Amino acid sequence: MPAVFRHADRRLVANRVLATLLVAAVAGSLLLPFAAMAPNRLVSGESVALVAALSPWQTLVLLGLALVLGVACLARPLGEHRGARTALIAAPLALLVVLYGLGDYATRALADASPAARVSQGAAFWVAVFCCALMMVDAFQRLRTPLWLCSIYALVVLGGIVALFAAGTFDALAIMQEYFNIEDAFAAQFVTHLVLVGLALGPALVVGLPLGLLAHRRPGARGPLFGVLNFFQTIPSIALFALLVTPLSRLGDALPWLREWGVSGIGAAPAIIALIMYSLLPIVRNTHAGFAGVAPATLEAASGMGMTATQVLWRVEIPLALPVILSGLRIVTVQAIGLTVVAALIGAGGLGAFIFQGLGQYAIDLVLLGAVPTIALAVVADFLLQILVTVSRPAGAR
Amino acid sequence: MKRNLPHGRDALLLVLGVALILLVLFMDALAPLFRAAFPQLDTAVYARESFLKLTLDHLALVLVSSLISVSVGVAAGLFVTRRAGREFEPLVSALAAIGQTFPPAAVLAIVVPLAGFGFVPTIVALTLYGLLPVVQNTIAGLGTVPTDTLEAARGTGMSATQILWRVELPLAMRVIIAGVRVSVIINIGTATIGSTVGAQSLGTPIIAGLVGDNIAYVIQGAVLVGLLAIVSDLLFERLERRYRFGS
């Protein structure tokens, strides 16, 4: 970084990112509705401001934490690094207070309301949660925290959130009411979602890895192969799902034994086939890139040591290509989790079923019950696979 | 350079483009075909709205959201690569990367409680989601400009604005266009799902067909939107090819 930017100590604000996030969080929390209270499930509720929703001690604690964060972004007395460490303590605490405050408000508000009344979270809640999360990301980037330390930190924060769930803090919220109504169905669809992703990724890996190796060994095959796979990748998911419905229902009609296996027009079969088609391109591309990235000198050294072609493949090429291949797996896993949402439209099930069911009934909380866990699932899968990619790197390259 | 290869792609673009236009305008003419294939259906061609109107609505969704995301995204990418905004670059990059792990359909669903049903939430969701690849590629594209080149430009006495317009942006353009391409292709797909939150698009006949068990509607919508995506992708590929310098 050029010397011009290193005048942090002469400026009033050392961390302008944190300052911006703090201003956004405070402005968003004060100007937007924090929660909404509705007489029943299907009408949109009346907005409640943050100040009105929180109890006095919660407001005071949040105010205190905001002040701490305000000090943390100044050049004095903490400076950039101690400021970032302070933010790493204050931001998750603010997050937990906001979460607890919302649940607590819902419990208090519903205590003397009709049984059908509902409390759901508003825009200010999302802004506050989002800004707190970004403050933590920014602090980690400033401190250049290693991934394992970030993981432990993330586990502790998640532990706090899980503890709030376990303590029943959110039980009064509409989204949790929705969950309690369909607890068993939710678990089943969650499992279905994971199974669909797994059933797509397995075959995609089995087919994609050799194809990637082929693309590496036979340059002539590369153009047509990537062309065809890119073609699939471009077709919108719902269109590909829908286009597979007809041939599969015809196939199921023609061959009854296939139908017994569950292959029919509507349901899991077209979804899995489409998901496999979408997953192939990133897997093949990254496998090829991984092998292409192995230095020719390394290969020569390996064969010079007397290794056979098979040994070179398994002991040199694959271990060295593994991080790039796993990055491909990371892309496809996240992509498949997202596309499985759309598969619910052709009756494959999964968490998307709640989203579209909720949209059909104008039941927003049911929509969120499908959408929020899907997003969480994608982010968690992305993070876990990122750890796997880091671990798979040879010790010297980490 | 391989000058002869692109002709094949251009021919494909032309054929698919003409097929798309003909299907949009004259889908009715295929009614006998659909009736023969699906004799059990009462109506063989989606008729509640013309395919021309559906396609134009679909394009409007994608164009409006893409215009916003490209202007905001490129501006954001420029801001975080200038001196004043460099401090925000790591966070913006992280945000663009994390944001893209969010499933587009889930983002669409999350926007509904905040913006209601219809055209607006779809535009909001498409814009937000479309921003991310544009920002990411703008930062990446400007990052590929060699420092030597910048030094040389500065040495010839160019001002910062001149360097941006005459050196940095032209050199970064191919990567930026690649980002716009990803953004537009994703948005064409998400606009299809937009019909489940009440925005009329080419997804409307697909959803109507899936709900009403009319497979012909499903095929008509799916073929059109698939062609639209592929034709757009080929157009962007052609555009990207124009900005390939010296490779």
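Let me start with one residue: Thr190(B) lies in helix 8, residues 160-193, of chain B. Helices here are DSSP runs of H or I with at least four residues, strands are runs of E with at least two, and both are numbered from the N terminus. Is Thr190(B) buried or exposed? Thr190(B) is buried, with a relative accessible area of 5%. Buried means under 20% relative accessible area, exposed means over 50%, and partly exposed is in between, with a 1.4 Å probe and protein chains only. Leaving out residues up to four places away in sequence, Thr190(B) touches Pro104(B), Leu108(B) and Leu126(B). Contact means heavy atoms within 4.5 Å.

A word on the source. This is a predicted model, where local features need pLDDT of at least 70 and side-chain atom pairs count only at pLDDT 80 or more, while totals for chains, interfaces and linings use all residues. Residues are numbered from 1 along each chain as its sequence is written, chains are lettered from A and ligands numbered from 1 in the order in which they are written, and side-chain values use heavy atoms, with hydrogens and water left out.

Now chain A. Chain A has 16 helices and three strands. Of its 398 residues, 48% are buried. The C-alpha trace of chain A spans about 70 × 65 × 30 Å along its principal axes.

Next, a helix pair. The axes of helix 4 (residues 79-111) and helix 6 (residues 147-166) of chain A come within 10 Å and cross at roughly 20°. That makes helix 4 of chain A roughly parallel to helix 6 of chain A. Axes are lines fitted to C-alpha atoms, for helices over the stretch in contact, and angles run from 0 to 180 degrees between N-to-C directions. Angles under 35 degrees count as roughly parallel, over 145 as roughly antiparallel, 65 to 115 as roughly perpendicular, and the rest as oblique. Which residues meet? On helix 4 of chain A they include Leu88(A), Pro92(A) and Tyr100(A), and on helix 6 of chain A they include Tyr153(A), Gly160(A) and Leu164(A).

Last, the sheet. Chain A has an open sheet of three strands in the order 2-1-3, with antiparallel pairing. Two strands pair if DSSP finds at least two bridges between them. Strand 2 (46-48) and strand 3 (118-121) of chain A are at the edges with a single partner strand each, so one side of each has no neighbour in the sheet. The twist averages 30° from one strand to the next. Strand 1 (residues 35-38) and strand 3 of chain A run antiparallel and are joined by four bridges. Ala36(A) has Ser120(A), in strand 3 of chain A, as its bridge partner.
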